[in-house]
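Here are some quick notes to read alongside the coordinates.

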Amino acid sequence: MRVSTALNRLLGLPAASVVDVAFTGEGVIVTVRLRRRRRVCAGCGQTGRHLAIHDRRVKRWRHLDLGASRCIIECQLRLLRCPDCGVRIEPVPWARAGTQHTRDFDDVVAWLAQQMATTPIAGLLRIGWDTVGRIVARVMADELDERRLDGLVAIGVDEISYRRGQRYLTCVADHHSGTIGWCAPGRNSATLQDFFTELGDRKASIRAVSIDISGEYQRAIGQAVPDAEIC
């Protein structure tokens, strides 16, 4: 079996074909070709030949390691001139727009962030500490389901310390699903008010709120959902 054929099956990159593989001191460089010929704007999603080809550029993404070697995906892409968005590099299905990591790499980092602290993740995947935070924020923005806050009936509000020096997150849990639906830095009525502001008219479905004895949260709850029972 040819190396390119093996890597096509191993990597499983959607809409991509491996055309070359190089083993370098930097890692395994896998050059791929985007099979899609249709022109697509990364900004607004327009398609068609009215998107003129402005130039071409080689772009790289960090992929999940192959054994002990870093794996880097390389592909030549078109710079397309969109009448609404200007010049944008065409999107690829194996990576989120404007990133330097593949979707698979991003998703593994985000999953690990649920299991362990940032420092061991950075060491395990050989990336910067701040890179972990940016990837998690990117995956959350892309994958977080806005419907998770629809139809809330019974919620729980509490805070958790995440750093020395009185750094807290206010967390709102859905008692029906048993999951955290919302959180933000801070632990006062203003922080919780941000949650109710984001809910908007959806807060009318809330019938009960469980909290600790903090008076701060009670004020925000009383103003936002005065008919809800505080437990």
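This is a predicted model: local features need pLDDT of at least 70, side-chain atom pairs count only at pLDDT 80 or more; totals for chains, interfaces and linings use all residues.

The points below go through charges, backbone and contacts in turn.

1. Let's start with the charge pairs. How many salt bridges does the structure hold? The count comes to 15. I'll go through three of them one by one and then turn to a network.

2. Glutamate 26 and arginine 60 make a salt bridge, with 3.1 Å between the closest N and O atoms. The two residues sit in distant parts of the chain, 34 residues apart: glutamate 26 is in the loop between strand 1 (16-24) and strand 2, while arginine 60 belongs to strand 3 (residues 52-66). Both ends are partly exposed, glutamate 26 at 43% relative accessibility and arginine 60 with a relative accessible area of 34%.

3. The next pair is aspartate 130 with arginine 134, a salt bridge whose closest N and O atoms are 3.2 Å apart. Why are these two separated by about one helical turn? Because they are four residues apart in helix 4 (residues 129-143). Aspartate 130 is partly exposed, at 45% relative accessibility, and arginine 134 is also partly exposed, at 48%.

4. Now for aspartate 150 and arginine 202, whose side chains meet in a salt bridge at 2.9 Å, N to O. Aspartate 150 is in the loop between helix 4 and strand 6 (154-163), and arginine 202 is in the loop between helix 5 (189-199) and strand 9 (208-210), so this pair ties together parts that are 52 residues apart in sequence. Aspartate 150 counts as partly exposed at 41% relative accessibility. Arginine 202 is partly exposed too, with a relative accessible area of 27%.

5. Then there is the network. Which residues are linked in it by salt bridges? They are Arg96, Arg103, Asp106, Asp107, Arg138, Asp142 and Glu143. Arginine 138 is placed in helix 4 and is partly exposed, with a relative accessible area of 23%. Setting aside residues up to four places away in sequence, arginine 138 touches Arg96, Thr99, His101 and Asp106.

6. A patch of positive charge on the surface is formed by Arg33, Arg35, Arg37 and Arg49. To be in such a patch, a residue needs over 30% relative accessible area and no salt bridge. Arginine 33 is partly exposed, with a relative accessible area of 44%, and lies in strand 2 (residues 27-34).

7. On to the backbone. Most residues other than glycine have a negative phi. Alanine 15 is not a glycine, yet has a positive phi of about 60°. Alanine 15 is in the loop between helix 1 (3-11) and strand 1, and counts as partly exposed at 25% relative accessibility.

8. Arginine 126 likewise has a positive phi of about 60° without being a glycine. Where is arginine 126 found? In the loop between helix 3 (118-125) and helix 4. Arginine 126 is partly exposed, with a relative accessible area of 34%. Glycine 128 is found in the loop between helix 3 and helix 4 as well, and at 30% relative accessibility glycine 128 is partly exposed. The C-alpha atoms of glycine 128 and threonine 24 are separated by 22 Å, the two residues being 104 apart along the chain.

9. Last one: is threonine 170 buried or exposed? Threonine 170 counts as buried because its relative accessibility is 0%, where the cut-off for buried is under 20%. Threonine 170 lies in strand 7 (residues 167-174). Beyond its neighbours within four places in sequence, threonine 170 is in contact with several residues, including Val157, Asp158, Glu159, Trp182, Cys183 and Tyr217. Arginine 187 is another of these contacts; the C-alpha atoms of threonine 170 and arginine 187 are separated by 5.3 Å, although the residues are 17 apart along the chain.

Definitions and conventions. Residues are numbered from 1 along each chain as its sequence is written. Side-chain values use heavy atoms; hydrogens and water are left out. Patches are made of residues with over 30% relative accessible area and no salt bridge: like charges are joined within 9 Å, nonpolar side chains (Val, Leu, Ile, Met, Phe, Trp, Tyr) within 5 Å. Accessible areas come from the Shrake-Rupley method with a 1.4 Å probe; for residues, only the protein chains shown count as cover. A salt bridge is a side-chain nitrogen of Lys or Arg within 4 Å of a carboxyl oxygen of Asp or Glu. Lys and Arg count as positive and Asp and Glu as negative; His and the chain ends are not counted. The place of a charge is taken as NZ of Lys, CZ of Arg, CG of Asp or CD of Glu. Buried means under 20% relative accessible area, exposed over 50%, partly exposed in between (1.4 Å probe, protein chains only). Contact means heavy atoms within 4.5 Å.
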